[in-house]
Amino acid sequence: MDIQELLSKAQDTISVKRVFGEPYEKDGVTLIPVATVAGGGGGGSGEDEDESGHKGRSKGGFGFGMHARPAGVYVIKGDSVTWTPALDLNRVIMGGQIVAVLALIVLRPLFKAKARAAELAAKRAAEGQS
């Protein structure tokens, strides 16, 4: 595969065809799935050197990567079009875990300070009674 063929395939891969899926129609309702698509590629070339430092064969390489995830669906019912976002439950759970960890990091010193203040107040009260 040469570089032009790779670029052509990459261009086809990251296209509007990948973002908007084929419409589904049933009972007068049309659904058009939508995804977010990102990709990139790169390449390079050089020459091999043998043990004596003489230039040898030319070599090169290139590659391409792509990532896609569901974004939602357009729902067309009669003259009405609505957008329904896809729910990524893993992201929701991860967000909740991050919030919980941050809350523990922030609240722990506050609870420790409150406990120290209560302990100090109890100590002062005990000294005042004796």
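User: What share of the chain counts as buried, and what makes a residue buried?

Analyst: Of the 130 residues in this predicted model, 8% count as buried. Buried means under 20% relative accessible area, exposed means over 50%, and partly exposed lies in between, with a 1.4 Å probe and protein chains only. Local features need pLDDT of at least 70, side-chain atom pairs count only at pLDDT 80 or more, and totals for chains, interfaces and linings use all residues. Residues are numbered from 1 along each chain as its sequence is written, and side-chain values use heavy atoms, without hydrogens and water.

User: Why is isoleucine 98 called partly exposed?

Analyst: Its relative accessibility is 45%. That falls between 20% and 50%, so isoleucine 98 counts as partly exposed. Isoleucine 98 sits in helix α3, residues 89–129. Helices here are DSSP runs of H or I with at least four residues, strands are runs of E with at least two, and both are numbered from the N terminus.

User: Which elements does the chain have, and in what order?

Analyst: The chain has 3 helices and 4 strands. From the N terminus, the order is α-α-β-β-β-β-α.

User: How do you know that α3 is close to its expected span?

Analyst: The expected span is 1.5 Å times one less than the number of residues. With 41 residues, α3 is expected to span 60 Å. From first C-alpha to last, α3 reaches 58 Å, which is close to that.

User: Where does α3 bend?

Analyst: At leucine 107, by about 30 degrees. The bend is the angle between axes fitted to the seven residues ending there and the seven starting there. Proline 109 follows within four residues.

User: Why is aspartate 27 called exposed?

Analyst: Its relative accessible area is 73%, over the 50% cut-off, so aspartate 27 is exposed. Aspartate 27 lies in the loop between β1 (24–26) and β2 (29–49).

User: What is the phi of aspartate 27?

Analyst: Phi is near 50 degrees, a positive value in a residue other than glycine. Most residues other than glycine have a negative phi.

User: Which residues is histidine 67 in contact with, leaving aside neighbours within four places in sequence?

Analyst: Thr36, Val37 and Ala38. Contact means heavy atoms within 4.5 Å. Histidine 67 belongs to strand β3, residues 55–77. The C-alpha atoms of histidine 67 and threonine 36 are separated by 8.2 Å, although the two residues are 31 apart along the chain.
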